[in-house]
Amino acid sequence: MTAAQRDVAVTGLGLVTPAGIGVDASWAGVLAGTGTAATDPSLDGVPVDMSCRVPGFDAEQLLGRKASRRLDRFVQLALVAAAEAVTDAGLHPATWDGARVGVVMGCGMGGAATWEQQHARMLDSGPTKVSPLLIPMLVPNMVAGHLAIELGALGPNLVTATACASGATAIGVARDLLRAGAADVVLTGGTEAGLTPLSIAGFAQMGALSRRTSDPPSASRPFDADRDGFVAAEAAGVLVLERDADATARGARVRARVSGYGASADAHHITAPDPDGAGAARAMRTAIADAGLAPDDIVHVNAHGTSTPLNDVAEARTVRAVVGDEVSITSTKGVTGHALGAAGAIEAAFTVLTVEHGLVPPTANLDSCDPEVDVDVVAKAPREQAVPAAMSNSFGFGGQNAVLVVTAA
Amino acid sequence: MSTYDRISTILVDRLGVAQDDISPEATFEELDLDSLDLVEFALGAEEEFGVRIGDEEAEGLRTVGDAVALLETKGVGAATA
């Protein structure tokens, strides 16, 4: 396969993250390297009452009264991110050939808040009082449906669910649709807004969450010796992908390229990563080979880096085994927390920005690197580094791994 | 508060309609409310007025005035409280 057949261009980005609304605000927040976790009043009474929320997201102001009432927050976040991405790409939904525009979004949970509110209504008042909007607000595929309705995207339209890898899987599938010629433009990424008492209680019961509730901004600390779990976040990230030749033909600015995608299953355990990292390693090697590169070509890794004791050690060991110890590694989750189904998408976007600007964001809260983490983790301040090729890792509960290789334009 | 005012409150608070758009002649379609919204409106009206509204009755509503008339046929008048 030639580079022209293989690579797809990233021509637009949109981000709504705990570091800010918009690509510029999110990127500045990630470069600043300060944790965004805060005590969350909506989680009052839950053993872990902190989260990373998008600051100042006013759905009524951004999307209007109707959307603020009829759409669950996971769709609202995605609509704002998608609008930014389409504008950034210089595309015009009013005039584009919608039949050639696809949407592939990742989402882990769907409308968790709607589910809980309507369940409470049923317990209080009976099943005949449940909202007729429950199902259309709840189902995870609805985010792709709403993007189609909003933008007139009439091509392939779907949502991927691979837990915390969903956003990266979506981008990989979108890339495959472009390679297959099934669409000319794909809006792809991920969204999640599951910061509800029930879901956070569930993650807490698994032992997956940091308990550092007395000092939330320091709680998400990937690769640090004192890390004790992740902090759940909400976010959405959208990338506009096009085949290179099409992007060039219309004179679009190519921010970077998605050149490789690798997917695999651990087939090991429902939540624990395979301690040998065999599944993750296979996804990384597949992605690198898919990009037509050798392991040595990868000089930077945006890690899954959740801040859980198990993930970070296993991931660091696997990265070292696959691409060696000369790569720089960062986990932007130190700033953003773990946005679950959106994580792979916002981190792919951060990887695009890293490649584009030659600037690696620091891993927040890395005071004392875990001695078992024997890789070059970027900490304290952004690092200037020319990055011709980088890898973005995402691993989901269920042992589902998705790795993207991003290369410079 | 009149039945009309109480219906207006449901439309604003529960369905996100702008107060200024509401009039007795306004159709639900003009208010950008679809069949799912009408079911939600009927649930709100049942709660507010303590009556039962059948699915067919809800589907038959075209204007805000129709809703006032339907509720008044069910014996709903001005709130006494």
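Two residues are in contact if their C-beta atoms, placed from the backbone, lie within 7 Å. This is a predicted model, in which local features need pLDDT of at least 70, side-chain atom pairs count only at pLDDT 80 or more, and totals for chains, interfaces and linings use all residues. Residues are numbered from 1 along each chain as its sequence is written, while chains are lettered from A and ligands numbered from 1 in the order in which they are written.

**Exercise 1.** Determine which residues of helix α4 of chain B are buried, and what they pack against.

*Solution.*
1. A residue is buried if 20 or more other C-beta atoms lie within 10 Å of its own, exposed if 12 or fewer, and partly exposed in between. Helices (H or I, at least four residues) and strands (E, at least two) are DSSP runs, numbered from the N terminus.
2. In α4(B), residues 64–73, the buried residues are V64(B), A67(B), L70(B) and L71(B). These lie on the same side of α4(B), because the arc they cover around the axis is only 120°; the arc is that of the directions from the helix axis to the C-beta atoms.
3. An α-helix has 3.6 residues a turn, so residues three or four places apart point the same way.
4. The buried residues of α4(B) pack against α1 (3–15), α2 (35–49) and α3 (55–59) of chain B.
5. Exposed residues E72(B) and T73(B) sit on the face turned away from the buried side of α4(B).

**Exercise 2.** Locate S307(A) and state its phi.

*Solution.*
1. S307(A) belongs to the loop between β10 (300–302) and α13 (309–323) of chain A.
2. Its phi is positive, near 85°, in a residue other than glycine.
3. Most residues other than glycine have a negative phi.
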